Amino acid sequence: MTPRPRIIPVLLVRRGGLVKSFGFKKHIYIGDPINAVRIFNELQADEVILIDIDASKESRSIDPVLVKEIGEEAMMPLTIGGGIRNAASALQLIRCGAERVLLGTNAIRSPETIRQISDAVGSSSVSICLDYKISKFRSPSLYSHSGLHKLNTDLWHAAKIAEEYGAGEIILQSIERDGSMQGFDFETISRINAMVTIPVIGLGGAGTFDDFESLYRHTQLSGMAAGSFFVFQGKHKGVLISYPSVKSFNFSEDASSRKIPNL
Amino acid sequence: MLSDLRSDVDRSVCVVDYASCNVVSISRHVVGLGYNPVISDRAADVKKARKIIMPGIGHFDVAMKQLRQRDLISVLNEAVLERGVPILGICLGMQLMTNGSEESCESGFGWINGSAHRIKVSDDVRYKIPHIGWSQIEVKDNSKLFPSGTSSKEFYFAHSYAIRDIEPIHITAQTTYETPIIAAIETQNIFGVQFHPEKSREQGGIVLRNFLSL
(Lines give C-alpha, C1' and ligand atoms only; values in the text may rest on other atoms or scores of the structure.)
Protein backbone atom coordinates (compact mmCIF):
# COMPACT_ATOMS: atom_id res chain seq x y z
CA MET A 1 0.00 0.00 0.00
CA THR A 2 1.36 3.39 -0.96
CA PRO A 3 1.05 6.32 1.42
CA ARG A 4 -1.65 8.79 0.54
CA PRO A 5 -0.80 12.49 0.40
CA ARG A 6 -2.03 14.78 3.15
CA ILE A 7 -4.47 17.47 2.00
CA ILE A 8 -3.88 20.50 4.19
CA PRO A 9 -5.85 23.75 4.63
CA VAL A 10 -3.68 26.78 5.42
CA LEU A 11 -5.27 29.41 7.67
CA LEU A 12 -3.80 32.88 8.02
CA VAL A 13 -4.35 34.86 11.20
CA ARG A 14 -4.13 38.64 11.42
CA ARG A 15 -5.00 40.41 14.68
CA GLY A 16 -6.97 37.42 15.91
CA GLY A 17 -9.11 37.11 12.75
CA LEU A 18 -8.83 34.78 9.82
CA VAL A 19 -7.79 36.33 6.49
CA LYS A 20 -7.02 35.16 2.97
CA SER A 21 -4.28 36.78 0.94
CA PHE A 22 -3.80 37.27 -2.78
CA GLY A 23 -0.23 37.35 -4.02
CA PHE A 24 0.76 38.04 -0.38
CA LYS A 25 -0.75 41.52 -0.76
CA LYS A 26 -4.48 42.05 -0.64
CA HIS A 27 -6.10 40.43 2.40
CA ILE A 28 -9.76 39.85 3.02
CA TYR A 29 -11.34 38.94 6.34
CA ILE A 30 -13.03 35.56 6.26
CA GLY A 31 -13.95 34.73 9.85
CA ASP A 32 -12.87 33.39 13.20
CA PRO A 33 -9.90 30.99 13.40
CA ILE A 34 -11.23 28.86 16.25
CA ASN A 35 -14.51 28.36 14.45
CA ALA A 36 -12.67 27.45 11.24
CA VAL A 37 -10.54 24.85 13.04
CA ARG A 38 -13.69 23.43 14.59
CA ILE A 39 -15.22 23.01 11.12
CA PHE A 40 -12.08 21.38 9.68
CA ASN A 41 -12.09 19.09 12.71
CA GLU A 42 -15.64 17.99 11.98
CA LEU A 43 -14.87 17.55 8.31
CA GLN A 44 -11.92 15.33 9.29
CA ALA A 45 -9.16 17.35 7.69
CA ASP A 46 -5.81 15.54 7.57
CA GLU A 47 -4.08 18.46 9.26
CA VAL A 48 -4.35 22.25 9.49
CA ILE A 49 -1.59 24.82 9.15
CA LEU A 50 -2.21 28.06 11.03
CA ILE A 51 0.09 31.05 10.57
CA ASP A 52 0.10 34.50 12.19
CA ILE A 53 1.23 36.51 9.17
CA ASP A 54 2.19 39.66 11.12
CA ALA A 55 4.15 38.00 13.93
CA SER A 56 7.48 37.92 12.15
CA LYS A 57 7.26 41.59 10.97
CA GLU A 58 6.27 42.67 14.47
CA SER A 59 9.12 40.69 16.08
CA ARG A 60 6.87 38.58 18.25
CA SER A 61 5.62 34.99 18.16
CA ILE A 62 2.06 33.83 17.46
CA ASP A 63 -0.06 34.16 20.62
CA PRO A 64 0.31 30.92 22.69
CA VAL A 65 -3.11 31.57 24.27
CA LEU A 66 -4.76 31.41 20.84
CA VAL A 67 -2.76 28.27 20.01
CA LYS A 68 -3.90 26.65 23.26
CA GLU A 69 -7.55 27.43 22.52
CA ILE A 70 -7.16 25.95 19.05
CA GLY A 71 -5.03 23.04 20.29
CA GLU A 72 -7.77 22.01 22.70
CA GLU A 73 -10.23 22.06 19.82
CA ALA A 74 -8.17 20.13 17.26
CA MET A 75 -8.39 16.35 17.17
CA MET A 76 -6.09 16.45 14.16
CA PRO A 77 -2.48 17.52 13.73
CA LEU A 78 -1.91 21.24 13.86
CA THR A 79 1.10 23.01 12.39
CA ILE A 80 1.66 26.45 13.91
CA GLY A 81 3.72 29.28 12.45
CA GLY A 82 4.47 32.95 12.99
CA GLY A 83 7.55 34.54 14.50
CA ILE A 84 9.02 31.35 16.02
CA ARG A 85 12.71 32.07 16.41
CA ASN A 86 14.03 29.89 19.21
CA ALA A 87 13.69 26.49 20.86
CA ALA A 88 11.88 27.84 23.93
CA SER A 89 9.12 29.39 21.87
CA ALA A 90 8.80 26.24 19.71
CA LEU A 91 8.53 24.04 22.80
CA GLN A 92 5.93 26.33 24.36
CA LEU A 93 3.72 26.12 21.24
CA ILE A 94 4.04 22.34 21.14
CA ARG A 95 3.00 22.17 24.78
CA CYS A 96 -0.01 24.33 23.83
CA GLY A 97 -1.20 21.69 21.37
CA ALA A 98 0.80 22.24 18.18
CA GLU A 99 1.91 19.02 16.55
CA ARG A 100 4.52 20.84 14.54
CA VAL A 101 6.04 24.31 14.40
CA LEU A 102 6.48 26.11 11.11
CA LEU A 103 9.56 28.27 10.66
CA GLY A 104 9.59 31.06 8.09
CA THR A 105 11.88 31.58 5.15
CA ASN A 106 14.04 33.86 7.29
CA ALA A 107 15.22 30.84 9.31
CA ILE A 108 17.43 29.94 6.33
CA ARG A 109 19.62 32.92 7.25
CA SER A 110 20.40 31.43 10.66
CA PRO A 111 20.44 27.67 10.13
CA GLU A 112 21.80 27.11 13.64
CA THR A 113 18.37 28.16 14.90
CA ILE A 114 16.77 25.42 12.81
CA ARG A 115 19.22 22.99 14.39
CA GLN A 116 18.46 24.16 17.94
CA ILE A 117 14.71 23.95 17.44
CA SER A 118 14.98 20.54 15.78
CA ASP A 119 17.14 19.26 18.64
CA ALA A 120 14.59 20.48 21.18
CA VAL A 121 11.37 19.17 19.63
CA GLY A 122 12.58 16.55 17.12
CA SER A 123 12.77 16.96 13.36
CA SER A 124 9.32 15.46 12.77
CA SER A 125 7.92 18.45 14.67
CA VAL A 126 9.69 21.10 12.57
CA SER A 127 8.53 22.37 9.17
CA ILE A 128 10.03 25.23 7.25
CA CYS A 129 8.07 27.31 4.78
CA LEU A 130 10.07 28.59 1.82
CA ASP A 131 8.32 31.48 0.04
CA TYR A 132 9.58 32.08 -3.48
CA LYS A 133 8.99 33.92 -6.73
CA ILE A 134 10.16 32.83 -10.14
CA SER A 135 12.26 35.48 -11.79
CA LYS A 136 12.84 35.15 -15.52
CA PHE A 137 15.93 33.16 -16.61
CA ARG A 138 17.03 32.73 -13.03
CA SER A 139 16.59 30.37 -10.11
CA PRO A 140 13.52 30.96 -7.95
CA SER A 141 14.24 33.74 -5.43
CA LEU A 142 13.44 33.44 -1.75
CA TYR A 143 11.47 36.06 0.14
CA SER A 144 11.11 36.47 3.89
CA HIS A 145 8.75 38.54 6.08
CA SER A 146 5.60 37.79 4.08
CA GLY A 147 7.30 38.47 0.78
CA LEU A 148 8.81 41.84 1.76
CA HIS A 149 12.52 41.01 1.82
CA LYS A 150 14.41 39.23 -0.90
CA LEU A 151 17.12 36.86 0.31
CA ASN A 152 20.41 36.19 -1.44
CA THR A 153 20.08 32.43 -1.16
CA ASP A 154 18.41 30.60 -4.04
CA LEU A 155 15.59 28.13 -3.39
CA TRP A 156 17.59 25.00 -4.27
CA HIS A 157 20.31 25.88 -1.82
CA ALA A 158 17.76 26.82 0.87
CA ALA A 159 16.02 23.45 0.60
CA LYS A 160 19.32 21.67 1.13
CA ILE A 161 20.12 23.89 4.14
CA ALA A 162 16.70 23.15 5.67
CA GLU A 163 17.25 19.42 5.31
CA GLU A 164 20.83 19.50 6.55
CA TYR A 165 19.97 21.48 9.68
CA GLY A 166 17.21 19.19 10.83
CA ALA A 167 13.90 20.43 9.42
CA GLY A 168 11.51 17.48 9.08
CA GLU A 169 9.45 18.94 6.27
CA ILE A 170 9.57 21.69 3.64
CA ILE A 171 6.51 23.68 2.59
CA LEU A 172 7.10 25.31 -0.79
CA GLN A 173 4.97 28.38 -1.27
CA SER A 174 4.73 30.16 -4.60
CA ILE A 175 4.05 33.83 -3.81
CA GLU A 176 2.90 34.55 -7.36
CA ARG A 177 0.29 31.80 -7.27
CA ASP A 178 -1.06 32.70 -3.81
CA GLY A 179 -4.83 33.14 -4.09
CA SER A 180 -4.74 32.70 -7.90
CA MET A 181 -6.45 29.29 -7.93
CA GLN A 182 -4.68 28.63 -11.25
CA GLY A 183 -2.81 25.49 -10.31
CA PHE A 184 0.37 24.47 -8.50
CA ASP A 185 3.91 25.22 -9.69
CA PHE A 186 4.74 21.67 -10.82
CA GLU A 187 8.24 22.30 -12.01
CA THR A 188 9.68 23.82 -8.85
CA ILE A 189 7.86 21.48 -6.48
CA SER A 190 8.88 18.41 -8.43
CA ARG A 191 12.50 19.45 -8.56
CA ILE A 192 12.77 20.18 -4.83
CA ASN A 193 10.95 16.95 -3.95
CA ALA A 194 13.53 14.94 -5.86
CA MET A 195 16.40 16.83 -4.19
CA VAL A 196 15.61 16.20 -0.52
CA THR A 197 14.86 13.09 1.53
CA ILE A 198 12.39 14.88 3.87
CA PRO A 199 8.69 15.34 3.02
CA VAL A 200 7.75 18.27 0.77
CA ILE A 201 4.37 20.04 0.76
CA GLY A 202 3.28 22.14 -2.22
CA LEU A 203 1.39 25.38 -1.54
CA GLY A 204 0.02 28.14 -3.75
CA GLY A 205 -2.43 28.07 -6.64
CA ALA A 206 -4.77 25.13 -5.97
CA GLY A 207 -8.25 25.82 -7.31
CA THR A 208 -9.70 22.47 -8.37
CA PHE A 209 -9.58 18.78 -7.49
CA ASP A 210 -7.67 18.26 -10.67
CA ASP A 211 -4.90 20.59 -9.46
CA PHE A 212 -4.25 18.30 -6.48
CA GLU A 213 -4.58 15.08 -8.46
CA SER A 214 -2.28 16.23 -11.25
CA LEU A 215 0.34 17.51 -8.83
CA TYR A 216 0.30 14.20 -6.99
CA ARG A 217 0.58 12.12 -10.15
CA HIS A 218 3.43 14.25 -11.28
CA THR A 219 5.40 14.39 -8.03
CA GLN A 220 4.01 11.78 -5.60
CA LEU A 221 4.34 14.46 -2.98
CA SER A 222 3.85 13.86 0.77
CA GLY A 223 1.28 16.61 1.05
CA MET A 224 -0.54 19.38 -0.76
CA ALA A 225 -1.76 22.54 0.89
CA ALA A 226 -4.08 25.35 -0.10
CA GLY A 227 -5.93 28.38 1.24
CA SER A 228 -8.59 29.61 -1.20
CA PHE A 229 -9.63 26.10 -2.25
CA PHE A 230 -10.95 25.41 1.25
CA VAL A 231 -12.54 28.77 2.04
CA PHE A 232 -14.14 30.04 -1.17
CA GLN A 233 -17.04 28.62 -3.14
CA GLY A 234 -18.38 29.37 -6.59
CA LYS A 235 -17.30 31.88 -9.20
CA HIS A 236 -18.06 34.85 -6.96
CA LYS A 237 -15.81 33.38 -4.31
CA GLY A 238 -18.30 33.40 -1.48
CA VAL A 239 -16.74 32.48 1.86
CA LEU A 240 -17.74 28.93 2.79
CA ILE A 241 -15.37 26.58 4.56
CA SER A 242 -15.27 23.12 3.02
CA TYR A 243 -13.06 20.06 3.08
CA PRO A 244 -13.64 17.25 0.61
CA SER A 245 -13.70 13.65 1.73
CA VAL A 246 -10.50 11.77 0.95
CA LYS A 247 -12.56 9.59 -1.38
CA SER A 248 -13.29 12.59 -3.61
CA PHE A 249 -9.71 12.54 -4.83
CA ASN A 250 -8.35 10.05 -7.30
CA PHE A 251 -4.65 9.70 -6.61
CA SER A 252 -4.20 6.31 -8.24
CA GLU A 253 -1.34 6.05 -10.65
CA ASP A 254 -3.24 4.18 -13.32
CA ALA A 255 -5.70 6.99 -14.06
CA SER A 256 -4.07 7.44 -17.42
CA SER A 257 -7.09 9.25 -18.82
CA ARG A 258 -6.15 12.26 -16.73
CA LYS A 259 -4.00 14.77 -18.48
CA ILE A 260 -0.70 15.70 -16.99
CA PRO A 261 0.37 19.23 -17.78
CA ASN A 262 3.43 19.63 -19.93
CA LEU A 263 6.44 21.10 -18.25
CA MET B 1 -18.75 10.71 50.43
CA LEU B 2 -16.00 8.18 50.91
CA SER B 3 -17.11 6.20 47.86
CA ASP B 4 -17.10 9.44 45.82
CA LEU B 5 -13.56 10.07 46.89
CA ARG B 6 -12.49 6.59 45.99
CA SER B 7 -14.00 6.73 42.53
CA ASP B 8 -12.27 10.05 42.05
CA VAL B 9 -8.93 8.45 42.86
CA ASP B 10 -9.69 5.48 40.59
CA ARG B 11 -10.27 7.83 37.72
CA SER B 12 -7.01 9.70 38.14
CA VAL B 13 -4.61 9.38 35.22
CA CYS B 14 -1.10 10.71 35.40
CA VAL B 15 0.11 12.24 32.13
CA VAL B 16 3.87 12.31 32.62
CA ASP B 17 4.96 15.79 31.67
CA TYR B 18 8.71 15.88 31.26
CA ALA B 19 8.91 18.97 29.03
CA SER B 20 9.07 17.55 25.52
CA CYS B 21 5.50 16.63 24.85
CA ASN B 22 2.12 17.86 23.77
CA VAL B 23 0.10 17.40 26.94
CA VAL B 24 -2.84 19.65 26.00
CA SER B 25 -4.54 17.38 23.49
CA ILE B 26 -3.93 14.23 25.54
CA SER B 27 -5.41 15.67 28.71
CA ARG B 28 -8.36 17.09 26.77
CA HIS B 29 -9.16 13.55 25.60
CA VAL B 30 -8.74 12.16 29.11
CA VAL B 31 -11.21 14.74 30.45
CA GLY B 32 -13.62 14.04 27.59
CA LEU B 33 -13.60 10.35 28.51
CA GLY B 34 -14.58 11.14 32.08
CA TYR B 35 -11.21 10.74 33.81
CA ASN B 36 -9.11 13.20 35.77
CA PRO B 37 -5.79 13.93 34.13
CA VAL B 38 -2.97 14.88 36.49
CA ILE B 39 -0.38 16.51 34.27
CA SER B 40 2.74 16.29 36.33
CA ASP B 41 6.47 15.69 36.44
CA ARG B 42 6.44 14.91 40.18
CA ALA B 43 7.32 11.46 41.46
CA ALA B 44 4.56 11.73 44.09
CA ASP B 45 1.90 12.02 41.37
CA VAL B 46 3.26 9.03 39.45
CA LYS B 47 3.16 7.02 42.70
CA LYS B 48 -0.52 7.83 43.23
CA ALA B 49 -1.67 7.22 39.64
CA ARG B 50 -4.00 4.36 38.70
CA LYS B 51 -3.08 4.78 35.03
CA ILE B 52 -0.06 6.40 33.43
CA ILE B 53 0.27 7.95 29.99
CA MET B 54 3.81 8.65 28.81
CA PRO B 55 3.87 10.91 25.74
CA GLY B 56 7.02 12.12 24.06
CA ILE B 57 8.54 13.83 21.07
CA GLY B 58 12.10 14.62 20.08
CA HIS B 59 15.20 12.70 21.03
CA PHE B 60 15.46 9.49 23.02
CA ASP B 61 18.54 10.75 24.89
CA VAL B 62 16.96 14.06 25.89
CA ALA B 63 13.77 12.38 27.05
CA MET B 64 15.58 9.86 29.28
CA LYS B 65 17.71 12.66 30.75
CA GLN B 66 14.62 14.75 31.46
CA LEU B 67 13.01 11.79 33.23
CA ARG B 68 16.16 11.16 35.26
CA GLN B 69 16.51 14.82 36.28
CA ARG B 70 13.00 14.61 37.72
CA ASP B 71 13.75 11.35 39.57
CA LEU B 72 11.03 9.61 37.59
CA ILE B 73 12.91 6.51 36.39
CA SER B 74 12.73 4.45 39.56
CA VAL B 75 9.15 5.53 40.38
CA LEU B 76 8.04 4.52 36.89
CA ASN B 77 9.88 1.20 37.15
CA GLU B 78 8.24 0.55 40.48
CA ALA B 79 4.75 1.48 39.27
CA VAL B 80 4.98 -0.56 36.07
CA LEU B 81 6.98 -3.61 37.16
CA GLU B 82 6.04 -4.03 40.81
CA ARG B 83 2.54 -2.60 41.14
CA GLY B 84 1.40 -3.47 37.60
CA VAL B 85 -0.05 0.00 36.91
CA PRO B 86 -1.30 0.16 33.29
CA ILE B 87 0.90 2.48 31.24
CA LEU B 88 0.49 3.75 27.69
CA GLY B 89 3.54 5.06 25.86
CA ILE B 90 2.85 7.28 22.86
CA CYS B 91 5.33 7.73 19.98
CA LEU B 92 8.72 8.35 21.62
CA GLY B 93 7.03 7.39 24.90
CA MET B 94 6.63 3.87 23.51
CA GLN B 95 10.19 3.73 22.22
CA LEU B 96 11.47 4.57 25.73
CA MET B 97 9.89 1.31 26.96
CA THR B 98 12.44 -0.73 24.98
CA ASN B 99 16.12 -1.31 25.71
CA GLY B 100 17.41 1.73 23.86
CA SER B 101 17.78 3.55 20.58
CA GLU B 102 20.26 3.69 17.77
CA GLU B 103 20.42 7.50 18.22
CA SER B 104 21.02 7.37 21.95
CA CYS B 105 23.70 6.61 24.52
CA GLU B 106 21.02 6.41 27.20
CA SER B 107 19.34 3.07 27.87
CA GLY B 108 15.57 2.78 27.75
CA PHE B 109 13.37 1.34 30.50
CA GLY B 110 13.82 -2.17 29.09
CA TRP B 111 10.25 -3.23 29.93
CA ILE B 112 9.99 -4.78 26.48
CA ASN B 113 12.92 -6.32 24.61
CA GLY B 114 13.76 -4.51 21.41
CA SER B 115 15.11 -1.13 20.40
CA ALA B 116 14.43 1.94 18.24
CA HIS B 117 16.15 2.39 14.89
CA ARG B 118 15.99 4.98 12.14
CA ILE B 119 13.39 3.97 9.55
CA LYS B 120 15.03 2.70 6.38
CA VAL B 121 13.55 3.59 3.01
CA SER B 122 14.72 3.35 -0.58
CA ASP B 123 15.16 6.43 -2.77
CA ASP B 124 11.55 6.14 -3.97
CA VAL B 125 10.17 9.73 -3.59
CA ARG B 126 6.96 8.41 -2.02
CA TYR B 127 8.84 7.36 1.08
CA LYS B 128 10.42 10.25 2.94
CA ILE B 129 11.83 10.42 6.46
CA PRO B 130 10.26 11.46 8.83
CA HIS B 131 7.22 9.32 8.11
CA ILE B 132 4.49 11.95 8.56
CA GLY B 133 0.86 11.31 7.78
CA TRP B 134 -2.13 9.01 7.97
CA SER B 135 -1.46 5.29 7.60
CA GLN B 136 -3.75 2.31 7.84
CA ILE B 137 -2.90 -0.20 10.52
CA GLU B 138 -3.39 -3.95 10.66
CA VAL B 139 -4.48 -5.16 14.06
CA LYS B 140 -4.17 -8.59 15.68
CA ASP B 141 -7.32 -10.04 17.18
CA ASN B 142 -6.13 -10.40 20.74
CA SER B 143 -5.37 -6.73 21.38
CA LYS B 144 -6.99 -4.92 24.30
CA LEU B 145 -6.48 -1.47 22.81
CA PHE B 146 -8.15 -2.00 19.45
CA PRO B 147 -11.75 -2.99 18.97
CA SER B 148 -12.46 -5.43 16.15
CA GLY B 149 -12.81 -3.54 12.90
CA THR B 150 -9.93 -1.16 13.62
CA SER B 151 -7.89 -2.72 10.81
CA SER B 152 -7.81 -0.52 7.74
CA LYS B 153 -8.52 2.56 9.87
CA GLU B 154 -6.00 5.36 9.46
CA PHE B 155 -3.93 6.68 12.34
CA TYR B 156 -1.63 9.69 12.41
CA PHE B 157 2.11 8.98 12.49
CA ALA B 158 5.04 11.41 12.78
CA HIS B 159 8.38 9.72 13.42
CA SER B 160 11.85 9.04 12.05
CA TYR B 161 12.57 6.07 14.32
CA ALA B 162 10.64 2.86 14.79
CA ILE B 163 11.05 -0.06 17.18
CA ARG B 164 12.47 -3.40 16.04
CA ASP B 165 13.31 -6.87 17.33
CA ILE B 166 10.15 -7.05 19.45
CA GLU B 167 8.87 -10.55 20.23
CA PRO B 168 6.05 -11.15 17.74
CA ILE B 169 3.66 -12.06 20.54
CA HIS B 170 3.93 -8.50 21.90
CA ILE B 171 3.17 -6.81 18.58
CA THR B 172 -0.52 -5.97 18.30
CA ALA B 173 -0.61 -3.69 15.26
CA GLN B 174 1.58 -2.77 12.36
CA THR B 175 1.57 -0.42 9.44
CA THR B 176 3.51 -0.37 6.21
CA TYR B 177 5.80 2.39 5.05
CA GLU B 178 7.56 0.61 2.20
CA THR B 179 8.47 -1.99 4.82
CA PRO B 180 6.45 -3.09 7.89
CA ILE B 181 6.55 -0.77 10.91
CA ILE B 182 5.44 -1.75 14.39
CA ALA B 183 2.43 0.41 15.26
CA ALA B 184 1.46 -0.99 18.68
CA ILE B 185 2.77 -3.31 21.36
CA GLU B 186 1.30 -4.74 24.51
CA THR B 187 2.25 -7.12 27.25
CA GLN B 188 0.42 -7.39 30.58
CA ASN B 189 0.05 -3.82 31.88
CA ILE B 190 2.42 -2.26 29.31
CA PHE B 191 1.00 -0.68 26.16
CA GLY B 192 2.66 1.38 23.45
CA VAL B 193 1.55 3.03 20.24
CA GLN B 194 3.80 4.57 17.61
CA PHE B 195 1.00 6.75 16.21
CA HIS B 196 -0.67 9.66 17.97
CA PRO B 197 -4.09 8.50 19.26
CA GLU B 198 -4.77 12.04 20.55
CA LYS B 199 -4.50 13.34 16.98
CA SER B 200 -6.19 10.41 15.25
CA ARG B 201 -9.83 11.49 15.26
CA GLU B 202 -12.50 9.15 16.62
CA GLN B 203 -10.50 5.95 16.13
CA GLY B 204 -7.68 7.43 18.23
CA GLY B 205 -10.15 8.38 20.94
CA ILE B 206 -11.33 4.76 21.06
CA VAL B 207 -7.78 3.53 21.65
CA LEU B 208 -7.42 5.97 24.56
CA ARG B 209 -10.83 4.99 25.94
CA ASN B 210 -9.92 1.28 25.79
CA PHE B 211 -6.70 1.96 27.66
CA LEU B 212 -8.40 4.08 30.32
CA SER B 213 -11.16 1.54 30.91
CA LEU B 214 -8.74 -1.38 31.48
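Me: Why is Cys14(B) called buried?
Reply: This is a predicted model, so the values are computed from it. Cys14(B) has a relative accessibility of 1%. Buried means under 20%, so Cys14(B) counts as buried.

Me: Why does Cys91(B) count as buried?
Reply: Its relative accessible area is 6%. The cut-off is under 20%. Cys91(B) is therefore buried.

Me: How many disulfides are there over all chains?
Reply: The count is 0. A disulfide needs a pair of cysteine sulfur atoms within 2.5 Å.

Me: What makes Arg201(B) and Asp46(A) a salt bridge?
Reply: The N to O distance between their side chains is 3.3 Å. The limit is 4 Å, from a side-chain nitrogen of Lys or Arg to a carboxyl oxygen of Asp or Glu. The pair therefore qualifies as a salt bridge. Between chain A and chain B the count is 3 salt bridges.

Me: Which elements of chain A give two or more residues to the side that touches chain B?
Reply: They are α2 (64-73), α3 (87-95), α4 (111-121), α6 (186-195) and α7 (209-219). The residues on that side of chain A divide into 19 nonpolar, 15 polar and 13 charged.

Me: How many residues are in contact between chain A and chain B?
Reply: 47 residues of chain A are in contact with 35 residues of chain B. The buried area is about 3300 Å², and carbon and sulfur atoms give 52% of it. Polar contacts join 16 residue pairs across the two chains, both residues at pLDDT 80 or more.

How values were computed. Residues numbered from 1 in each chain as written. Chains lettered and ligands numbered in written order. Predicted model: local features only at pLDDT ≥ 70, side-chain atom pairs only at ≥ 80, totals over all residues. Heavy atoms only, no water. Contact = heavy atoms within 4.5 Å. Buried area = accessible area lost by both parts, 1.4 Å probe. Polar contact = N/O pair within 3.5 Å; in protein donor to acceptor, adjacent residues only side chain to side chain. Helix = DSSP H or I, 4+ residues; strand = E, 2+ residues; numbered from the N terminus. Nonpolar A, V, L, I, M, F, W, Y, C, P; charged D, E, K, R; others polar. Buried < 20%, exposed > 50% of the residue type's maximum accessible area, 1.4 Å probe, protein only.
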